[in-house]
Amino acid sequence: MDEAIADFALEYAEAKKVEYAEVRAHSQVQEMLVLRNGFLEAYASAVNSGFCVRILANGGIGFASTNKWSKEEAKTIVDLAFKYAGSANRREKLVFAEEKGVETKWAVAQKKKIENVPPEERISLFTDAHKALTASKVKIPATVMQCSVDLATRYFVNSEGSRISSFVPKIGAYAFITVAERGKTEQAFRQFGYSGGWEAFREWRIPEKLIHEAKVLKDVITKAKAVKPGDMDLVCGSEVTGIAAHESCGHPMEADRILGREMSQAGRSFIYEGSEFWVGSKIGSEAVTVVDDPTIEHSYGYYVYDDEGVRARRRFLYKKGVITEFLHNRESAAKLGTKSNGSSRSVSYDREAIVRMANTFVLPGELSEEELVGDVRRGVYMKSFTEWNIDDKRFNQRYVGREAYAIENGELKGPVARPVIETSTLKFWTAVDAVSKKVGFDAATCGKGDPAQGIPVFTGGPSIRLRGVYVK
Amino acid sequence: MKDILAKTEEVVQKAKKLGADEAVAKTTFGRYRQVRFSNNQVDTTVAWNDYSTDVTLAWKKRLVATQIHDFKHVDASVKQLLTLAKVSAENPTFGGFAKGRFRYAKSRADEKLEDLQSLSGYVLEAIEVAKKEAGGKAQTGGVLFTKFEEVYLASSEGPVGLDSRSAIELSIRAFSQREASGHGVECASTLRDFKPSRAGEKAGETAKLAKNPKAGEEGVYDVIFDPLIFGSLLGVWGGMVSAYYIMVHMSVFVDKLRKRVAPEIVTLRDNPGAYSVSSRVFDDEGVPTKDNVLIGKGMLRNYLHNTSTAKIFKTETTGNAGLVSPTPWSIEMDGGDTSKDELFKEMKKGLYLTNTWYTRFQNYEKGDFSTIPRDGIFLIEKGEITSSWKDLRLSDNALALLNNVAAVSKERQHVHWWLFDMDGYPPSLSPYVLMKDVHMTKSK
């Protein structure tokens with residue numbers, strides 16, 4: 001990364017008739033290894049480095065990027081961004097919500113530096129995980145494992161005097177396993193993610209978790225019974241709570257979606273001005289408080305300043321069941337007459353920073369897991385999920401259980417095969433009558449943006465209990 | 001251009017000189033332009049200039065890859081890559097890169113798409129047509145995207161080639177009411193074949209028909225799939241035909257080769273021909289791409305292969321490398337002998353689905369999945385649209401759906417939009433398709 005060229009690009013942009021200009025440079029050391037059935041398929045290593053210019057002029061936005069580090073190229077992309085901003089010819093001129101310039105540096109610490117873990121050690125940790133899995137005496141015809149590393153150095157400057165440097169190392173992994181028994185198969189996907197150093201690997205306990213998944217899948221094939229469809233209580237484990245929080249609390253609260261800027265791609269939101277759902281509307285029970293918080297140290301979605309140079313903070317999305325605060329970048333905040341809450345993120349120098357979640361989760365309550373289950377006469381405990389989806393207004397959703405058990409008279413019984421809850425956001429969160437005190441997190445990659453920007457996040461929360469919902 | 005090719009060949013020579021057994025380098029100069037719009041106005045216009053050389057080398061069956069952005073860094077990058085190979089682990093199924101010299105079809109990229117001016121003009125044309133169809137108060141949003149790539153490939157095993165690839169795509173969604181929308185796309189490899197008004201018209205027409213939607217009813221229906229939603233399903237099946245996905249059991253086609261997987265009216269092929277937005281004349285090993293029949297008259301004929309997977313399956317590469325995973329380039333379903341109008345006319349009672357998103361599986365091998373139709377969902381009775389519906393989910397099985405294809409239209413459309421990239425589907429050439437016994441569910 002050549003910060004002098006980024007500075008030059010900003011100076012060159014400021015010399016034009018711009019309302020605002022910024023230059024964001026990234027240099028990302030990215031490595032990835034892929035194993036199939038315990039053997040290394042390939043190891044890839046590269047440096048992804050470049051910079052972008054975003055210009056606001058004549059009420060329009062122009063964006064251009066390059067991976068060629070030269071002053072001539074900087075001029076070319078500034079000229080393009082300026083030309084594009086001017087060509088928008090918008091009736092409603094865009095402005096950005098006010099921010100003060102910031103000069104700072106921040107970084108995520110690593111206990112065990114990723115750079116110091118040689119490739120052969122990384123490979124052997126994953127081949128060992130595979131060996132442990134295959135020693136579990138469950139028939140596993142196929143596995144895929146992947147480990148990715150992203151050491152991201154960023155440099156952000158804008159025409160308001162901001163100059164922010166950062167370094168964020170991230171490590172991620174996933175595993176996909178197929179279990180076969182009695183001529184049938186079941187499959188599971190697990191993802192892991194961390195901002196920090198290689199210490200994450202031990203904390204993840206991948207071999208132990210995969211062996212557990214394999215045994216669960218075997219039980220689904222050999223022991224699980226289908227649920228008798230009907231209204232019953234449903235206890236969702238933290239993984240299910242987390243996906244529901246992400247999909248039906250986080251996404252509909254993205255202000256760019258609410259304002260229609262994603263209308264043809266990720267869609268709109270059931271929350272919009274003039275509808276029954278807006279700030280202050282009831283969307284769930286008093287037991288439900290959902291936050292999005294980038295400031296959780298070492299979380300997969302961690303950051304201190306967003307990609308518009310705005311300080312990150314916790315956002316209360318649903319507070320005691322009431323719609324409270326949207327996720328904003330500077331563009332959406334200006335449109336709704338407020339300030340950005342630091343939700344603008346980009347995965348790379350060549351992608352526009354847009355409104356994104358960071359770590360979205362339900363705040364804990366007071367009950368133990370046992371107390372949650374103990375008060376259920378007939379129901380299902382859906383500990384984890386497989387198939388899931390939600391419509392593009394973020395209202396009609398479906399989660400299918402991966403690991404699930406029957407609950408009878410307050411006790412967990414045998415495994416249940418693929419229980420399904422298919423319901424609305426309002427019904428789901430209104431049905432919650434209690435949440436446990438133990439919060440768990442899962443790493444995920446959230447998809448949004450055109451071109452696609454898969455961004456690291458945590459989803460999570462405690463176990464939650466839903467009363468009288470239809471499960472099939 | 002020859003200068004860049006020579007430099008790409010030098011990368012390969014350098015790798016061999018340093019001790020690599022085999023090496024492939026692919027240099028791409030890409031110019032990409034995009035206009036994003038919503039609420040009938042342009043939000044942002046974007047330009048990406050991308051210069052990169054992808055280098056993959058093998059040393060004692062260790063496969064490693066990197067990307068170089070400046071030819072000044074070739075020596076250091078290749079040395080580093082070989083060092084990585086030497087501490088890496090053996091891939092016992094690596095079967096080498098494709099060997100031989102090949103002749104490639106002539107690239108037919110449209111140079112007008114290298115730096116197209118007045119991008120927003122095409123957008124405004126589509127918006128106006130959509131508004132005319134859906135009503136003056138309609139809200140539209142979408143994307144115009146152009147691509148022009150020059151690609152230079154050199155392999156230590158013989159292949160050397162040049163390719164130019166161009167595309168222009170418009171995706172527009174129109175809302176006539178808050179919950180009444182339609183989506184149109186227009187995809188072409190040349191400017192000459194690109195008609196933005198067609199996408200606007202489709203989006204606007206569908207949005208108008210979708211007005212005042214009622215909550216849909218759960219059940220089992222005959223369904224006519226629009227090319228846009230059927231293109232998503234073609235993407236699902238097309239991906240599952242990759243030999244890699246067979247090997248990792250992420251496919252309903254495991255152990256189905258040379259078996260019947262669909263009725264005789266179904267012929268599916270992968271064909272990155274000149275008219276496709278993902279047109280290419282060689283794959284990532286330098287093997288000429290070709291028209292591969294995947295499902296011929298209902299029988300599963302071929303998996304997609306690179307050299308390594310072909311060796312595992314004791315067959316020939318199909319020109320679909322991906323250096324690790326073979327990949328479909330452009331999925332086509334052959335047209336049938338029924339017109340689109342006849343499909344609708346002959347439907348006594350059923351649904352017409354126009355688009356979808358969020359297709360997710362419980363088990364890829366078994367094929368159980370659901371997807372959420374979006375934009376117009378219509379009830380058809382006695383050949384006519386009698387009602388606009390909303391809030392339904394298609395919850396079924398990927399293999400069962402393929403088996404339930406009952407009629408295929410003559411008319412076909414090139415389809416590709418944001419969702420395809422999100423879910424990893426290739427562009428497709430997709431007909432209208434009638435399927436029997438499709439399971440629809442809803443929230444309770």
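The model is predicted, so to speak of local features a pLDDT of at least 70 is needed, side-chain atom pairs count only at pLDDT 80 or more, and totals for chains, interfaces and linings use all residues. Residues are numbered from 1 along each chain as its sequence is written, while chains are lettered from A and ligands numbered from 1 in the order in which they are written.

Let's start with strand E3 (residues 60-66) of chain A. Strands here are DSSP runs of at least two residues (E), helices are runs of at least four (H or I), and both are numbered from the N terminus. Is E3(A) enclosed or open? Because 7 of its 7 residues are buried, E3(A) is largely enclosed by the rest of the structure. (Buried means that 20 or more other C-beta atoms, placed from the backbone, lie within 10 Å of the residue's own.) In a regular strand, side chains alternate between the two faces of the sheet. In E3(A), one side carries Gly60(A), Gly62(A), Ala64(A) and Thr66(A), the other Ile61(A), Phe63(A) and Ser65(A), and all are buried.

E3(A) has a pairing with a strand of its own chain and another with a strand of chain B; strands pair if DSSP finds at least two bridges between them.

| Partner of E3(A) | Sense | Bridges | Residues standing opposite |
|---|---|---|---|
| E2(A), residues 39-57 | antiparallel | 7 | Cys52(A) and Ser65(A) |
| E2(B), residues 41-59 | parallel | 6 | Ala64(A) and Ala47(B) |

Thr66(A) also has a bridge partner in E2(B), namely Asn49(B). Back in chain A, E2(A) and E3(A) make a hairpin with 2 residues between them, and Asn58(A) in the turn has a positive phi of about 55°.

**Where the chains touch**

Between the chains, 65 residues of chain A are in contact with 60 of chain B, contact being C-beta atoms, placed from the backbone, within 7 Å. On chain A's side, E2(A) gives the most, with 9 residues.

**Two domains in chain B**

Chain B splits into domain 1 (2-209) and domain 2 (214-441), with bounds from an automatic or database domain assignment. Their centres, taken over C-alpha atoms, are 22 Å apart. Across the boundary, 36 residues of domain 1 contact 34 of domain 2. On the domain 1 side, strand E6 (180-188) is among the elements supplying at least two residues, as is helix H4 (196-209). E6(B) brings the largest share, 7 residues.

Terms used
Two residues are in contact if their C-beta atoms, placed from the backbone, lie within 7 Å. A residue is buried if 20 or more other C-beta atoms lie within 10 Å of its own, exposed if 12 or fewer, and partly exposed in between; C-beta atoms are placed from the backbone.
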